[in-house]
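Trainee: I am new to this structure. Please show me how to read it.

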Amino acid sequence: MKVLTTPRMERCIGCHSCSLACARLVHRRLSWDTAGIRIVSSGGLSTGFEARLCLACDPAPCAAACPTGAFSNRRGGGVVVKKNLCIRCGQCAAACPVDAIHLDASGEPFVCIHCGRCVSFCPHDCLELAGAAESKAGAGREGEEAVR
Amino acid sequence: MIRDHFRVLVADLDAGKGKIELVGGREEVAGGSGLAALLFNRYGAPERPWNDPPQPIVFAIGPLTGYFPLMSKTVCAFKSPYHDQYTESHAGGRSALALRFADLDALVITGRAPRPSCLSVGSRRFEVSDVEFMWGLDVHAAGKLLRRMFPGSGHRSIFRIGPAGENGAAMACVNADTYRHFGRLGGGAAMGAKNLKGVVILGDRASQLPETKDYPKLFKEVYRKVTSTDMMSKYHNLGTAANLQVLNELKSLPWRNLKETADPGIEGVSGERFAADTLLRNVACAGCPVGCIHIGFVREKFLAENRYLYRQVAYDYEPIYSTGTMLGVTDCFQVLALMDVTEKAGLDVMSAGVALAWATEALERGLVSERETMVPLRFGDPGPYQQALGFLGKGANDFYRLLARGTLRAAERYGGADFACVLGQEMAGYATGEVFFASQALGFRHSHLDTGGYSYDQQHREKDAAGAVDFLMRDEEARVFLTSMVACLFARGVYTDDLLADCLRSVGYAALGERMGEISRGVQRLRWRTRMATGFDPSAVAIPERFRKVVNWKGPIDAAYLDALRREYARRIRELAGEGPPAPAASGDLPQG
């Protein structure tokens with residue numbers, strides 16, 4: 001199973017094209033919030049942008065926290081989401097250690113499903129859909145060139 | 001968010017309250033420029049002065065904002081402290097998408113806060129906060145505090161003013177998200193007059209997209225056009241700074257208060273030089289994959305023992321021209337340092353540089369002395385300019401306070417109007433010829449982006465005033481539709497009429513696309529009528545003598561042709577404003593829900 005990674009975020013220009021693509025193509029919305037990948041600015045010592053997205057925990061604490069089976073572990077890391085089972089309790093977002101799950105005003109969760117549809121919309125090639133093993137290496141070396 | 005009306009938040013700073021109003025007129029004015037004029041007519045008082053507390057500041061987006069790439073700009077409209085007439089200023093950053101995701105077509109700010117304040121709005125947020133402690137802080141310091149005080153990092157837009165705006169300087173800008181600006185014609189002072197130090201717009205709401213497959217397909221096609229073809233490469237590569245070398249070669253780059261139009265010193269301040277020596281990174285407006293914002297750095301040794309600080313400064317063609325070539329400064333790092341001071345003061349960099357160029361020549365000629373300028377301004381010497389920019393922002397003495405109201409104001413008192421480089425406001429960096437000079441002097445925003453006058457100069461040698469003005473009127477009409485969408489005008493080569501109509505149709509605004517010509521002519525007329533209702537007389541526009549002395553690659557300026565253009569353009573503007581049905585301003589209220 002492939003995993004979405006962000007190996008070259010130092011190239012990010014903050015255009016939000018990835019978030020907008022996810023919202024548009026996966027969730028059928030116009031938004032920079034209701035998306036599996038979200039861009040925030042990082043001020044202070046390291047200037048630039050950070051991506052908030054699922055880092056494909058295996059097993060996933062959000063799946064463990066979900067009381068209704070809406071979130072379940074995905075093979076290779078991350079989660080499979082069944083929105084029709086979700087009761088909008090928000091426990092998934094609370095359990096995520098890296099703030100990867102966005103809850104909209106109604107409490108509906110949005111998390112990356114590692115489909116990779118955002119990748120081609122990044123103008124600077126910051127994103128990559130990688131094999132699970134590569135993804136862990138990539139996540140630990142953010143900013144470096146990933147082996148392609 | 002696709003709706004046949006406008007959803008407008010009207011913030012009353014006197015009361016500290018807001019009201020959502022549903023306003024009709026979508027089919028007539030579309031949004032952006034059209035909506036801003038509509039709302040100014042609804043909430044403004046043309047005959048009252050710019051700093052009358054009820055006068056509105058309008059921030060408006062358009063029907064395509066956020067839906068397509070480069071639909072990423074916001075129109076800010078207000079009565080300008082520069083000429084006390086209606087105007088627009090445009091900026092990007094995250095402002096447009098933040099308004100879209102706050103579920104607002106426009107934000108209108110009226111009244112005057114009793115104390116220095118910040119307005120914070122979102123789809124579920126309205127707050128007027130006391131920020132008395134922030135008054136007097138520079139743009140960067142205020143920005144840092146505002147970021148800490150309000151939520152939504154990366155998904156919000158932060159506007160703020162510096163000391164120049166607080167002091168009522170007619171060349172004070174509104175800084176948007178650190179690297180972009182509602183720069184020209186004094187929006188910063190319009191905010192300052194309202195005791196408004198900052199505005200934070202939180203984009204915290206999503207909306208459903210049309211169910212059709214057309215929209216994502218068309219999005220992909222437009223995205224490909226703006227990223228995969230060379231249509232946008234100028235902005236992507238060296239950025240607008242690429243123009244420096246080009247215009248210098250054409251002998252059309254203003255140097256030293258437009259005494260010259262080319263100089264070998266270009267080597268130190270060309271786009272190539274900035275990219276090679278100073279460029280740190282690029283950033284983008286939200287919703288634009290081009291990323292035309294070029295950020296350089298200034299490095300400053302503050303202690304002898306190798307202690308340095310550095311700052312990041314966004315550069316573009318116009319700021320390099322105004323603080324570089326116009327002041328004769330030919331070192332890229334020194335130019336960035338001047339931009340940095342200007343930024344912190346909250347001044348419009350184009351106006352400030354051009355004003356100091358005039359002050360330098362006025363000092364050379366003995367019209368003013370160092371008693372006025374406080375420092376020995378001299379072309380090519382950045383140190384005194386760095387101080388002078390601070391004086392201009394602070395309003396350090398009578399001279400700088402007057403100069404900050406406009407170069408011609410200072411010239412009225414001290415003399416030197418003949419060499420003031422003013423075309424409606426301090427000139428943009430194009431000494432391309434008669435058509436550009438007439439177009440900026442009379443253009444609606446007095447901006448080089450009102451029309452393509454500078455490119456007409458480059459493509460035409462014949463001196464046909466009626467033909468040139470025909471072009472200006474048609475070009476303005478086309479651009480008005482784009483600024484009603486609200487597109488970045490850098491994308492004007494991508495968004496043809498057919499493509500715009502397809503985009504509008506794909507998201508549910510087919511009628512706007514079908515009536516494009518009618519709408520743009522209507523908005524063009526509405527803007528001019530609004531401007532004239534606030535006192536603009538196109539026949540009274542004068543073009544200073546300095547412009548008649550310019551020599552560029554075509555040879556000397558033809559003063560008779562310039563006058564013919566000025567008269568003809570003024571006539572056509574008056575004719576346009578006078579024709580057609582009444583403005584739609586008073587009609588179209590909807591039941592408030």
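**A helix, a chain and a contact**

Mentor: This is a predicted model. Start with helix α2 of chain B. Nine of the 12 residues of α2(B) are buried, so the helix is largely enclosed by the rest of the structure.

Trainee: Which residues of α2(B) are buried?

Mentor: A residue counts as buried if 20 or more other C-beta atoms lie within 10 Å of its own. In α2(B) these are G32(B), S33(B), G34(B), L35(B), A36(B), A37(B), L38(B), L39(B) and F40(B).

Trainee: What span does α2(B) reach from its first C-alpha to its last?

Mentor: Compare the span with 1.5 Å a residue. Helix α2(B) covers residues 32-43 and reaches 16 Å, close to the 16 Å expected.

Trainee: How many helices and strands does chain A have?

Mentor: Chain A has four helices and nine strands. From the N terminus, their order is β-α-β-β-β-α-β-β-α-β-β-β-α. Of the 148 residues in chain A, 45% are buried.

Trainee: In which sense do β2(A) and β13(B) pair?

Mentor: Look for bridges between strands. β2(A) and β13(B), residues 207-208, pair in the antiparallel sense over two bridges. There, L30(A) stands opposite S207(B).

Methods: Residues numbered from 1 in each chain as written. Chains lettered and ligands numbered in written order. Predicted model: local features only at pLDDT ≥ 70, side-chain atom pairs only at ≥ 80, totals over all residues. Pairing = 2+ DSSP bridges. Expected span 1.5 Å × (residues − 1).
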